[in-house]
Amino acid sequence: EQLSALYMQQNKEFTSLAVKMLAKRLDLTEPKTLVNLSDMYRYLAVPFKAGQLLEQGMQQKVLPRNYDNLNKLADSWLAARENQRAAETLNVMITMDNTGESHLKLSQIYIRTEQWGKVVDTLSSAINKLKGNKLGQTHLMLGTAYYHLDNLEQAKDQFIKAAAFDAQKKQAGQWLQHINSLLEKKDEPAA
């Protein structure tokens with residue numbers, strides 16, 4: 001119904017009608033249909049509805065609570081800016097994830113909500129799982145968290161590690177300049 005209404009707002013009456021007709025035929029007890037419909041909601045920038053659909057499918061045991069389905073659910077909540085729901089989903093996923101990707105997504109929520117201690121805890125447990133630019137991104141995020149926790153030495157250490165990665169080199173360098181100037185001011189005797 002919502003998808004049909006969106007098409008009506010865009011003056012796509014025939015598409016709106018087709019969606020309404022299709023909705024009457026859809027079997028939402030079929031996992032593949034449910035996932036495809038949620039993917040379409042996300043594609044059409046209706047992520048909240050995608051999240052609701054996936055969550056409902058999992059609660060009704062139509063969809064298994066496996067990593068792939070939970071990942072789609074987390075992505076839906078992230079796109080809908082439902083930070084709490086996304087964090088809850090990602091916390092479940094972390095136990096199933098050997099790549100560290102869930103840790104990164106969860107840490108981004110914690111950064112957005114300025115929960116710096118949780119950023120450190122989450123990324124510290126994933127640092128050995130990540131590789132390449134993801135590892136560089138992790139060091140950059142850890143450096144940012146330590147900076148906001150007023151632990152400049154730890155922040156500096158993380159930014160030095162991040163600077164070793166091409167994708168993070170410039171940003172890490174800027175942070176290092178800032179931290180070095182703060183440390184110099186801290187070391188100057190009071191006038």
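A: Let's start with T144, which is buried in this predicted model. Its relative accessible area is 15%, and because the cut-off for buried is under 20%, T144 falls on the buried side. T144 is found in helix α9. Setting aside neighbours within four places in sequence, T144 is in contact with W116, F159 and W175.

One of those partners, F159, leads us into the main core. The largest nonpolar core has 52 residues, and F159 is listed with Y41 and I179 as having the most contacts inside it. Helix α9, covering residues 132-148, gives the most to this core, with seven residues. As a general background, nonpolar side chains in soluble globular proteins tend to be buried together.

Beyond its neighbours within four places in sequence, I179 is in contact with Y147, L152, A155, K156 and F159.

Helix α6 has 12 residues and reaches 16 Å from its first C-alpha to its last, close to the 16 Å expected at 1.5 Å a residue. Its buried residues are A86, A87, T89, L90, M93 and I94. Seen down the axis of α6, the buried residues fall within an arc of 165°, so they line one face of the helix. An α-helix has 3.6 residues a turn, so residues three or four places apart point the same way. The cover over the buried residues of α6 includes α5 (67-79), α7 (101-112) and α8 (116-124).

For contrast, visit two loop residues. T29 sits in the loop between α2 (13-25) and α3 (31-43), and T29 is exposed, with a relative accessible area of 57%. T29 and V62 are 33 residues apart in sequence, yet their C-alpha atoms are 5.9 Å apart in space.

L44 lies in the loop between α3 and α4 (47-59) and counts as partly exposed, at 29% relative accessibility. Leaving out neighbours within four places in sequence, L44 is in contact with L3 and Y7. Along the chain, L44 and E55 are 11 residues apart, and 18 Å separates their C-alpha atoms.

Notes:
Residues are numbered from 1 along each chain as its sequence is written. This is a predicted model: local features need pLDDT of at least 70, side-chain atom pairs count only at pLDDT 80 or more; totals for chains, interfaces and linings use all residues. Side-chain values use heavy atoms; hydrogens and water are left out. A nonpolar core is a set of buried Ala, Val, Leu, Ile, Met, Phe, Trp, Tyr and Cys residues joined through side-chain atoms within 4.5 Å. Buried means under 20% relative accessible area, exposed over 50%, partly exposed in between (1.4 Å probe, protein chains only). Helices (H or I, at least four residues) and strands (E, at least two) are DSSP runs, numbered from the N terminus. Contact means heavy atoms within 4.5 Å. The expected span of a helix is 1.5 Å times one less than its number of residues. The arc is that of the directions from the helix axis to the C-beta atoms.
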